[in-house]
Amino acid sequence: MNELVFFSGLPRSGSTLICNLLGEHEDISVTSSSPLNQIVQNMKRMWSDDPFLLSQLDNNFDIVYKKLEDSTRAFIETYSENGTKITIDKNRGWLTNVEFVRSLYPNFKMIVCLRDPRQIFASVEKAHKKTSLLDFPDHMDANDVNNRANILFDNNGIIGSCLKAVNNLQDIPNIMPHLFFFRYEDFLQKPQETMDSLFKWLGLETKKIDFNNMKQYTFESDSYYRMKFCHKIKTKLENPKTLETTPISPRILDEIFRRYEWFYKTYYPELVSVTQSQKEQTISNVSQISNNNIEEQVASEIDDVLKKNKKVKK
């Protein structure tokens, strides 16, 4: 049996690209967004409400429950078998089901892709501007940037739900050793070094990758999200510089940072000091402007007084 590694994380965080780069390794098979997580969760819901199964649990819990465990593992392993040493099963939903995964596979591994949430929102906005004649699947207000941000970052939104799942990881005891946090920004700066670390974590030999000739092995249904979350990778690795090419309101960016400050402190601590420094500089600039205005006002008032005194002397 091959080893199943779960792949999850934030949207627009390079997950499709990383999966395809992993797929270049001869010992790894990768999937596009897989239905496996949803299928297994639906199985669990179905038998949890089945009166005949519940009756068997009443009479012989240990034996019946073990059958459920064994049959679930058998389905997962049969479905994910690809003839390679490792299969990477990609689905954002795995992140919300890590305890379920660990109950079946105590030594499981999961790759979690991360990216600065402000960059994620800018990436969505960039795609939206190119497809403005298509609405989002949930018909969110296409003309209101702030409204789009609120919906996307809602606890049930595409971005917010994933960030909530990442936050919940901190409350699960002893879960971190099973997770590999793959920061998209680190990869862009040192692609080969970052991939080498991931290959080693998976227990494999490193693989030299040609980042000027990248191949795509997995394909997604981009029309499902109305082309707002495209998954086509480029053949040459480039830094998208999303915020530079898609300016976002500073107010919205600041709201994202403040709302997810826990995320930045935990996974991007270097950005916290930069943002704080920027705020202090802004405050200093505002203060300097205010002081200059006060000085100008005082000088003006003194001039007025001197002029009046001259008139009185005459």
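Guide: What follows is a set of questions about terms, each answered with a value and a cut-off.

Guide: This is a predicted model, where local features need pLDDT of at least 70, side-chain atom pairs count only at pLDDT 80 or more, and totals for chains, interfaces and linings use all residues. Residues are numbered from 1 along each chain as its sequence is written, and side-chain values use heavy atoms, with hydrogens and water left out.

Visitor: How many helices and strands does the chain have, and what makes a run count as one?

Guide: The chain has 13 helices and five strands. Both are DSSP runs numbered from the N terminus: a helix is H or I with at least four residues, and a strand is E with at least two.

Visitor: What share of the chain is buried?

Guide: Of the 314 residues in the chain, 43% are buried. Buried means under 20% relative accessible area, exposed means over 50%, and partly exposed lies in between (1.4 Å probe, protein chains only).

Visitor: Which share of the chain's contacts joins residues at least 24 apart?

Guide: Among contacts between residues at least 6 apart in sequence, the share is 76%. A contact means heavy atoms within 4.5 Å.

Visitor: How do you know that the length of helix 5 agrees with its number of residues?

Guide: The expected span is 1.5 Å times one less than the number of residues. Helix 5 (residues 117–130) has 14 residues and should span 20 Å; its end C-alpha atoms are 20 Å apart, so the two agree.

Visitor: What makes helix 5 mostly covered?

Guide: Eleven of the 14 residues of helix 5 are buried. Among them are Pro117, Ile120, Phe121, Val124 and His128.

Visitor: Why are helix 5 and helix 6 called oblique to each other?

Guide: Two packed helices are described by the angle between their axes and the distance between the axes. Here the axes of helix 5 and helix 6 (residues 145–152) cross at roughly 125° and come within 11 Å. Axes are lines fitted to C-alpha atoms, for helices over the stretch in contact, and angles run from 0 to 180 degrees between N-to-C directions. Angles under 35 degrees count as roughly parallel, over 145 as roughly antiparallel, 65 to 115 as roughly perpendicular, and the rest as oblique. Helix 5 and helix 6 are therefore oblique. Phe121, Val124, Glu125 and His128 of helix 5 meet Val145, Arg148, Ala149 and Leu152 of helix 6.

Visitor: What is the angle between helix 6 and helix 11?

Guide: Helix 6 packs against helix 11 (residues 250–259) at about 15°, with the axes 11 Å apart. That makes the two helices roughly parallel. Their contact is made by Val145, Asn146 and Ala149 of helix 6 and Arg251, Ile252 and Glu255 of helix 11.

Visitor: Why are helix 5 and helix 11 called oblique?

Guide: Their angle is about 135° and their axes are 9 Å apart. Helix 5 and helix 11 are therefore oblique to each other. Pro117, Arg118 and Phe121 in helix 5 meet Ile252, Leu253, Ile256 and Phe257 in helix 11.

Visitor: Is Val64 buried or exposed?

Guide: Val64, in helix 3, has a relative accessible area of 8%, so Val64 is buried. Not counting residues up to four places away in sequence, Val64 touches Leu53, Gln56 and Leu57.

Visitor: Why is Tyr79 called partly exposed?

Guide: Tyr79 is found in helix 3 (residues 51–80). The relative accessible area of Tyr79 is 40%, so the term is partly exposed. Tyr79 touches Ser34, Pro35 and Leu36, leaving aside residues up to four places away in sequence. Tyr79 and Leu36 are 43 residues apart along the chain, with their C-alpha atoms separated by 7.8 Å.

Visitor: What term describes the accessibility of Arg12 and Met227?

Guide: Arg12, at 23%, is partly exposed, and Met227, at 31%, counts as partly exposed.
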